[in-house]
Amino acid sequence: MDTSSERRVEITGSGRSGSVVYREALGSLSFSWEFGGGDVLAIVQVEDAKAWKTQPSWMAGRRAAILRSVADEVIRQKAPNCRAEIDEAAGVIVLREGARTAQPPPMPPKREFSMTNFRSLRTALALVVLVVAVIAGCILWFKNKVLVIDPGKGTPIGLAVRTDTHIAILIESLVPYMPSLHRDASKDRYRISVFLVPLDGSEPH
């Protein structure tokens, strides 16, 4: 049964205290109030603590809703600039001055750039450069040692020339290249080197 339209809250006072009576079609509940101190304007609490704890059938499971109705109505009638703090278990409502306002989120603390941060950044940058250099070196080595074809030591061209100490001959060799399905042999590159053979029987170079 919806009794919201039949709810009434009656407030009376005498000096620094008074009473608040909550009424609805199913029953009623009495509260007492008194002025507080500091930012507490007033304290409203259930008079019959035993009834509040045992909960008569008409208010079973509705304590929070009843307290909220009483708090809202007291604020509307007597304390429009207050906010309510409700203790459901004790049946107590504390009215504090100042309407509840949304608090802006705290600003994150500013991080100051220090020499420690600079050194850390410099170390991290050096590590990144080192890693990139190692990876580039590995790729270059793999390309030159695995992916290219070495055509060999070359072939002699022209006539050999003899001096007092050596025999010299020109050697033509194909520059190593990467294989492909559409290789154009006309674009091959060659290099020329001199092969020296000492006449005294030492190692050629």
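Modeller: From the N terminus on, the elements of the protein chain follow the order β-β-β-β-α-α-β-β-α-β-β-β. Please keep in mind that this is a predicted model.

Biologist: How many helices and strands does the protein chain have?

Modeller: The protein chain has 3 helices and 9 strands.

Biologist: What share of the residues is buried?

Modeller: Buried residues account for 21% of the 205 residues in the protein chain. The accessible surface of the chain is about 15300 Å², and 59% of that surface belongs to carbon and sulfur atoms.

Biologist: Let us turn to charges. How many salt bridges are found in the whole structure?

Modeller: A search of the whole structure gives 7 salt bridges. In general, side chains of opposite charge can pair when their charged atoms come close.

Biologist: Which residue forms a salt bridge with Arg62?

Modeller: Arg62 pairs with Glu24, and their closest N and O atoms are 2.9 Å apart. This pair links distant parts of the chain, 38 residues apart: Arg62 is in the loop between α1 (49-54) and α2, while Glu24 is in strand β2 (residues 17-24).

Biologist: Is Glu24 buried or exposed?

Modeller: Glu24 counts as buried, because its relative accessibility is 8% and the cut-off for buried is under 20%.

Biologist: What about Arg76 and Glu73, where do they lie?

Modeller: Both are in helix α2, 3 residues apart, so about one helical turn separates them. Arg76 is exposed at 59% relative accessibility, whereas Glu73 is partly exposed at 21%.

Biologist: Which residues are linked in a network of salt bridges?

Modeller: Arg8, Glu10 and Arg23 are linked in such a network. Within it, Glu10 forms a salt bridge with Arg8, and the closest N and O atoms of these two are 3.9 Å apart. Glu10 is partly exposed, with a relative accessible area of 34%, and Arg8 is also partly exposed, at 46% relative accessibility.

Biologist: Now to Arg63. Where does it lie?

Modeller: Arg63 is in helix α2, which covers residues 63-77.

Biologist: What does Arg63 contact, then?

Modeller: Leaving aside neighbours within four places in sequence, Arg63 is in contact with Trp52, Lys53, Gln55, Glu88 and Ala89. In the case of Trp52, its backbone oxygen lies 3.2 Å from a polar atom of the Arg63 side chain.

Biologist: One last topic, the surface. Which residues form a nonpolar patch there?

Modeller: The patch is formed by Ile167, Phe195, Val197 and Leu199, which together have about 270 Å² of accessible area. Of these residues, Ile167 is in strand β8 (residues 166-174).

Biologist: How accessible is Ile167?

Modeller: Ile167 has 32% relative accessibility and therefore counts as partly exposed.

Conventions: Residues numbered from 1 in each chain as written. Predicted model: local features only at pLDDT ≥ 70, side-chain atom pairs only at ≥ 80, totals over all residues. Heavy atoms only, no water. Helix = DSSP H or I, 4+ residues; strand = E, 2+ residues; numbered from the N terminus. Polar contact = N/O pair within 3.5 Å; in protein donor to acceptor, adjacent residues only side chain to side chain. Contact = heavy atoms within 4.5 Å. Patch = residues over 30% accessible without salt bridge, like charges linked within 9 Å, V, L, I, M, F, W, Y side chains within 5 Å. Areas by Shrake-Rupley, 256 points an atom, 1.4 Å probe, with all protein chains shown as cover. Salt bridge = Lys/Arg side-chain N within 4 Å of Asp/Glu carboxyl O. Buried < 20%, exposed > 50% of the residue type's maximum accessible area, 1.4 Å probe, protein only.
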